[in-house]
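Dear colleague,

I am passing this structure on to you, and below it I have set out what turned up when I went through it. Please read the notes with the structure open beside them.

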Amino acid sequence: RVLFRSLQIKPGQKGLDATLGYGGHTRKMLECLQGQGHVYGLDVDPIESVKTEERLRGFGFGEDVFTMIQTNFANIDQVAKAHGPFDFVLADLGVSSMQIDNPERGFSFKVDGPLDLRLNQEAGISAAERLDTISRDELAGMLYENSDEPHCEELAKAITDEIRKGHRVDTTTKLRRIIENTLDFLPEKDKKETIKKTCQRTFQALRIDVNREFEVLYEFMEKLPGALKPGGRVTILTFHSGEDRIVKKSFKQMKKAGIYGEIADEVIRPSAEECSVNSRARSTKMRWAIKA
């Protein structure tokens, strides 16, 4: 895969998976190391990170080669101070399938569950609590900025009107129904597909907001070079234009400043074969950089 070619992992190296998730990427990195070297995996999710650590231990990766750290990847500077600098770093900014598939987390509009959307349910406020106090203009802006939602004005009005009537929007189903009713004016042939895409974008916009994902990514990009060894490689996978813009801009500015010696000139997209194996890969954009 292009991803692992870009990292050029060799036995004896030290690496960081900044977004551990289900551990699939970490497992491949560890296999590349062939028992020599070490991978550190970061994840902010206290529920899933424990399961992932158990899963990787079950594959035979002991504490000599793998360490799991429960922290936000914005704290990469602290991690590097304790364990770095690193030969390679990977950040996959997609929400992991375990989170999407667990109805209790509220990431999916396809199943009923509490409208939560936090990556770490022990911190911050849920999406439902965020909607309790949001103004119509702020919500419209959030939907537009975080997911380029074309119907942001109509949706913001419908959602805030509902809340003003005293009806909390606190489940995934309630939010989906508001979206369906708001877009009921659409021609029948387009309706189903547009509603589905609007649901995806609305849930994404809320998730980005409650987890402060853009702010966290800015912080990570700023601290990233300090965590890499000279010649160290980083690869970042993004899933929508807002994230990709932040990564692209940071890499370009830092190459100009001489911090990175080389960066990907163009965004790299998954092959048709990769998309057929994993349908969620379709919207992936990949960029890499090498520290000078």
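The largest cavity has a volume of about 40 Å³, and in this predicted model a search of the whole structure finds 1 cavity of 30 Å³ or more. Its lining is made up of Lys 248, Phe 251, Lys 252, Ile 263, Ala 264, Asp 265 and Arg 287, which by class gives 3 nonpolar, no polar and 4 charged residues. Helix α12, which covers residues 241-256, gives the most to this lining, with 3 residues.

Helix α12 is also the place of Glu 243. Glu 243 is buried yet has no salt bridge, and the nearest side chain of opposite charge, that of Arg 207, is 4.5 Å away; a salt bridge as counted here would need a side-chain nitrogen of Lys or Arg within 4 Å of a carboxyl oxygen. Leaving aside residues up to four places away in sequence, Glu 243 touches Leu 93, Arg 207, Glu 213, Phe 214, Leu 217 and Thr 238.

At least two residues of its lining come from each of α7 (136-147), α10 (188-210) and α11 (213-227), with α7 giving the most, 6 residues. By class, the lining of the second largest pocket divides into 3 nonpolar, 2 polar and 7 charged residues.

With best wishes

Methods. Residues are numbered from 1 along each chain as its sequence is written. This is a predicted model: local features need pLDDT of at least 70, side-chain atom pairs count only at pLDDT 80 or more; totals for chains, interfaces and linings use all residues. Side-chain values use heavy atoms; hydrogens and water are left out. On a 1 Å grid over the protein atoms alone, a cavity is a set of points where a 1.4 Å probe fits but cannot get out, and a pocket is an open set with protein on both sides within 12 Å along at least five of seven lines; lining residues have an atom within 4 Å of a point. Grid points are joined across faces, edges and corners, and a volume is the space filled by probe spheres set on the points. Helices (H or I, at least four residues) and strands (E, at least two) are DSSP runs, numbered from the N terminus. Ala, Val, Leu, Ile, Met, Phe, Trp, Tyr, Cys and Pro count as nonpolar, Asp, Glu, Lys and Arg as charged, and the others, Gly among them, as polar. Buried means under 20% relative accessible area, exposed over 50%, partly exposed in between (1.4 Å probe, protein chains only). Lys and Arg count as positive and Asp and Glu as negative; His and the chain ends are not counted. Contact means heavy atoms within 4.5 Å.
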